[in-house]
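Open the model in your viewer and keep the sequence panel beside it. The tour below goes from one selection to the next and says what is found at each stop.

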Amino acid sequence: MITSFRLISYLEGISYLAILFVTMPLKYLFASPEPNKLIGMAHGFLFLAYIVFAFLVKPEKRWDNKTLAIVLICSIIPFGTFWMDGKYLSKK
């Protein structure tokens with residue numbers, strides 16, 4: 001379960017950064033909204049999967065509610081999922 005969550009968190013983080021730094025500039029500077037729609041759809045799916053997996057991993061990692069809240073907040077902060085992985089998932 002943790003390995004799957006790590007993969008989803010990386011993919012979610014990458015898709016978020018792609019939206020912020022690639023597809024949004026394409027959309028607003030070059031009037032090309034198509035990449036934003038495609039990456040946005042993938043990011044939406046990955047974001048929801050991230051939330052679900054965070055709740056599924058909580059008992060396995062024995063997180064309290066504060067830790068879960070931090071993990072969830074990391075999904076809306078750029079580069080947050082990468083920091084979260086190192087802080088909360090890499091430890092054995």
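Where is Ala31 found? Select Ala31: it is in the loop between helix 1 and helix 2. Helices here are DSSP runs of H or I with at least four residues, strands are runs of E with at least two, and both are numbered from the N terminus.

Before going on, note that this is a predicted model, in which local features need pLDDT of at least 70, side-chain atom pairs count only at pLDDT 80 or more, and totals for chains, interfaces and linings use all residues. Residues are numbered from 1 along each chain as its sequence is written, and side-chain values use heavy atoms, with hydrogens and water left out.

**The whole chain**

Zoom out and colour by secondary structure. The chain has 4 helices and 0 strands, in the order α-α-α-α along the sequence. Its C-alpha atoms fill a box of roughly 45 × 20 × 20 Å along the principal axes. Of the 92 residues in the chain, 34% are buried. Buried means under 20% relative accessible area, exposed means over 50%, and partly exposed is in between, with a 1.4 Å probe and protein chains only. A contact means heavy atoms within 4.5 Å. Among the contacts in the chain with a separation of 6 or more, 64% are between residues 24 or more positions apart.

Go back to Ala31. Its phi is near 50°, a positive value in a residue other than glycine. Most residues other than glycine have a negative phi. Ala31 has a relative accessible area of 67%, so it counts as exposed.

Next select Arg62, in the loop between helix 2 and helix 3. Arg62 is not a glycine either, yet has a positive phi of about 60°. Its relative accessibility is 75%, which means that Arg62 counts as exposed.

Is Trp63 buried or exposed? Trp63 is buried, at 9% relative accessible area. Leaving out residues up to four places away in sequence, Trp63 touches Phe5, Ala54, Val57, Lys58, Leu68, Val71, Tyr88 and Leu89. Show these side chains together.

**Aromatic pairs**

Rings of Phe, Tyr and Trp (its six-membered ring) pair if their centres lie within 6.5 Å; planes under 30 degrees apart count as stacked, over 60 as edge-to-face and the rest as tilted. By this rule there are 5 aromatic pairs. Select Phe5 and Tyr50, a tilted pair with 5.1 Å from centre to centre and 45° between the planes. Phe5 is in helix 1 (residues 2-30) and Tyr50 in helix 2 (residues 34-61), so the pair links parts of the chain 45 residues apart. Phe5 is buried, at 0% relative accessibility, and Tyr50 is buried with a relative accessible area of 0%.

Then select Trp63 and Tyr88. Their ring centres are 6.3 Å apart and their planes are at 75°, so this pair is edge-to-face. Trp63 lies in the loop between helix 2 and helix 3 and Tyr88 in helix 4, so the pair ties together parts 25 residues apart in sequence. Tyr88 is buried, with a relative accessible area of 15%.

For another stop, select Tyr10, Phe79 and Phe82, which form one aromatic cluster.

**Helix 3 against helix 4**

Select helix 3 (residues 65-73) and helix 4 (residues 80-89). Their axes come within 9 Å and cross at roughly 155°. Axes are lines fitted to C-alpha atoms, for helices over the stretch in contact, and angles run from 0 to 180 degrees between N-to-C directions. That crossing makes helix 3 roughly antiparallel to helix 4. Angles over 145 degrees count as roughly antiparallel, under 35 as roughly parallel, 65 to 115 as roughly perpendicular and the rest as oblique.

Which residues of helix 3 and helix 4 meet? Thr67, Ile70 and Val71 in helix 3 meet Trp83, Met84 and Tyr88 in helix 4.

**The core**

Last, select Phe5, Tyr50, Val57, Trp63, Val71, Met84 and Leu89, the residues with the most contacts inside the largest nonpolar core, which has 15 residues. A nonpolar core is a set of buried Ala, Val, Leu, Ile, Met, Phe, Trp, Tyr and Cys residues joined through side-chain atoms within 4.5 Å. Helix 1, helix 2, helix 3 and helix 4 each give two or more residues to this core. Helix 2 gives the largest share, 5 residues.
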